[in-house]
Amino acid sequence: MITLLTYAPAFGQSSPSPFCLKAEWLLNLSSQQWQREDLKDPRKMPHAKLPAIKVDDRIIPDSDNIRVYLEEHGAQFDKGMSDMDKATARAFIRMAEEHMYFHLVMDRWGNDAVWPMVRDTYFDMIPKIVRGVITNRIRKAALQGLHGQGTGRLSEEERMARIEPDFAAISARLWQGAYLFEDAPTAADASVGAVLASIRAAPADTALSRRVSQDQQLSAYADRCIAALG
């Protein structure tokens, strides 16, 4: 049986990580038998990140690699889609995972109102007496990474303007149906829906979380993904 190595439930979701959500949802879509194992410290994983799956004595890291493994074992996440829709789906996945995701990370790690709840959720295994000192160093490194990536250089107003076209693109696709490409969820929904749901599930109210939660179309779509895939 496949074992999904993932972060424990948090912020009202089965995992605080959109990539762990994506892996869970792809496993459900694949109809494979699987179980979960919650981890706190991913440093022993091949990429020092979660999610990963364990199959016999083999560990497969990264949600993209998990998708490849499942497709090699019979999953058809994009069954019935045209080549054009498959190409567009790939672009939507990359938009969510390589752009929207960094806005989510900045919202959690860079927002002083959110960070204490993120710190005490992600790092509750560290004794409180030293948690602040240790996690401040971790936070500083994460924010330096976001600055290098570019998102960390933007003001909140600039970030909201930068991500708005992504929300508009998702909304435009959703005028055609309940999901992005079909009447049933596909791999693109496992990625895009997971990022939207994670943005909405901020542990404290933020401009970014409000943008999704107050958008009836985007919020209803996130709910449909959770209901169908979770």
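Predicted model: local features only at pLDDT ≥ 70, side-chain atom pairs only at ≥ 80, totals over all residues.
1. Packing of α1 and α7. Helix α1, spanning residues 18-30, packs against helix α7, spanning residues 187-200, at an angle of about 145 degrees. Their axes lie 8 Å apart, and the crossing is right-handed.

2. Composition of that contact. On the α1 side, the residues involved are Pro18, Leu21, Lys22, Trp25 and Leu26. Their counterparts in α7 are Ala187, Asp189, Ala190, Ser191, Gly193, Ala194, Val195 and Ser198. By class, the contact comprises eight nonpolar, three polar and two charged residues.

3. Geometry and burial of α7. The 14 residues of α7 reach 20 Å from the first C-alpha to the last, close to the 20 Å expected at 1.5 Å a residue. The helix is mostly covered, with 13 of its 14 residues buried.

4. Arg67. This residue belongs to helix α2, residues 63-72. Arg67 counts as buried because its relative accessibility is 13%, under the 20% cut-off. Leaving aside residues up to four places away in sequence, Arg67 touches Leu26, Phe77, Asp78, Ile93 and Ala187. Leu26 and Ala187 also take part in the contact of α1 with α7.

5. Gly150. The loop between α5 (128-149) and α6 (156-174) holds Gly150. Its relative accessible area is 22%, so Gly150 is classed as partly exposed, that class lying between the 20% and 50% limits. Gly150 and Thr206 are separated by 56 residues in sequence and by 20 Å in space, C-alpha to C-alpha.

Key: Residues numbered from 1 in each chain as written. Heavy atoms only, no water. Axes fitted to C-alpha atoms, helices over the stretch in contact; angles between N-to-C directions. Helix = DSSP H or I, 4+ residues; strand = E, 2+ residues; numbered from the N terminus. Left-handed = near helix turned anticlockwise from the far one by under 90°. Contact = heavy atoms within 4.5 Å. Nonpolar A, V, L, I, M, F, W, Y, C, P; charged D, E, K, R; others polar. Expected span 1.5 Å × (residues − 1). Buried < 20%, exposed > 50% of the residue type's maximum accessible area, 1.4 Å probe, protein only.
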